[in-house]
Amino acid sequence: DTTNGLWRKSYTLMGDMTYILVANGIVSGSGYSPATPFDIYVNAMGREEAGTAGNTDILVFHGSTDAPTVDIYETTAGELINDLAYGEFDTDYLELPTADYSLEVRDETGTTVVAGYLAPLATLALNDSALVAVASGFLDPASNSEGPAFGIWVALPMGGNLIELPKSTVSTEDILSRQIDLQIWPNPASEDLTISFTLDKAYEISMDILNITGQMMMSRELGPRSIGSHTETIDVSNFREGLYLLRFRSDNNITTSKIKVAR
């Protein structure tokens, strides 16, 4: 509440700017090592779209309280980020051609691998997007109240749940196999678009429709859906003719499909 807040701090935010805020750190006075105090970290470089068409821009934040200063490498391209310390954003966005990448988080010497991850930017159809990647969790959960293990989570410009990057022991084929099989008709559509899908377990489901420039045209939270077959109908009668991207979310998995509006 406003009287007994856990934390307070004043910021001056300028007009016509896009800010990124990351809430991070430890509130508890015990049970964590180190007990790095809670703070809200502010960055004024926020983007919602990639600077160049066909790219995916990524800003990285180090929020793992017990992790060392790290370097991040792409297994074929080499070092992407050097000496990123806790509580820091990287100096600028990584501007990467949209593709599927394999990443290694290393200590600041660049020799010891802390963890490896896949960044399937092409598989998840994240081209032309600007993302924020947050390293969080604990390298040693046993010394930190059995909190979540170290990982990297990605925030999308249109909002929604953070997406956890899979460990590099998971193949891109595994990611594809977790995608939901969507049946869409009619496609092209002029008025109503029907989407059917079958779930192998219960999921929280949401759907977005974006135009070819990445602008959000519709976002719908469908809530929990049980195992089995489901059908949803979307009214596209107010959409202009053209191509769109349907982005279907089931918990941390994303399935995308192109749709067309024609009359």
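Trainee: Leaving aside neighbours within four places in sequence, which residues is I58 in contact with?

Mentor: The model is predicted, so local features need pLDDT of at least 70 and side-chain atom pairs pLDDT 80 or more, whereas totals for chains, interfaces and linings use all residues. Residues are numbered from 1 along each chain as its sequence is written, and side-chain values use heavy atoms, without hydrogens and water. Contact means heavy atoms within 4.5 Å. On that basis, the partners of I58 are D92, Y93, L94, L96, L121, L131 and A133.

Trainee: Which residues touch the most other members of the largest nonpolar core?

Mentor: A nonpolar core is a set of buried (under 20% relative accessible area, 1.4 Å probe, protein chains only) Ala, Val, Leu, Ile, Met, Phe, Trp, Tyr and Cys residues joined through side-chain atoms within 4.5 Å. The largest one has 27 residues. Those touching the most other members are I58, V60, Y117, L121, L131, F150 and I152.

Trainee: Which strands stand at the edges of the open sheet of 4 strands?

Mentor: Strands are DSSP runs (E, at least two residues), numbered from the N terminus, and two of them pair if DSSP finds at least two bridges between them. The order is β5-β4-β7-β8, with antiparallel pairing. One side of each edge strand is left without a neighbour in the sheet, because each has a single partner strand; these are β5 (78-84) and β8 (113-120).

Trainee: In β8, which residue is the bridge partner of Y101?

Mentor: Strand β7 (residues 100-107) pairs with β8 in the antiparallel sense, over 7 bridges. The partner of Y101 in β8 is A119.

Technical notes
Buried means under 20% relative accessible area, exposed over 50%, partly exposed in between (1.4 Å probe, protein chains only).
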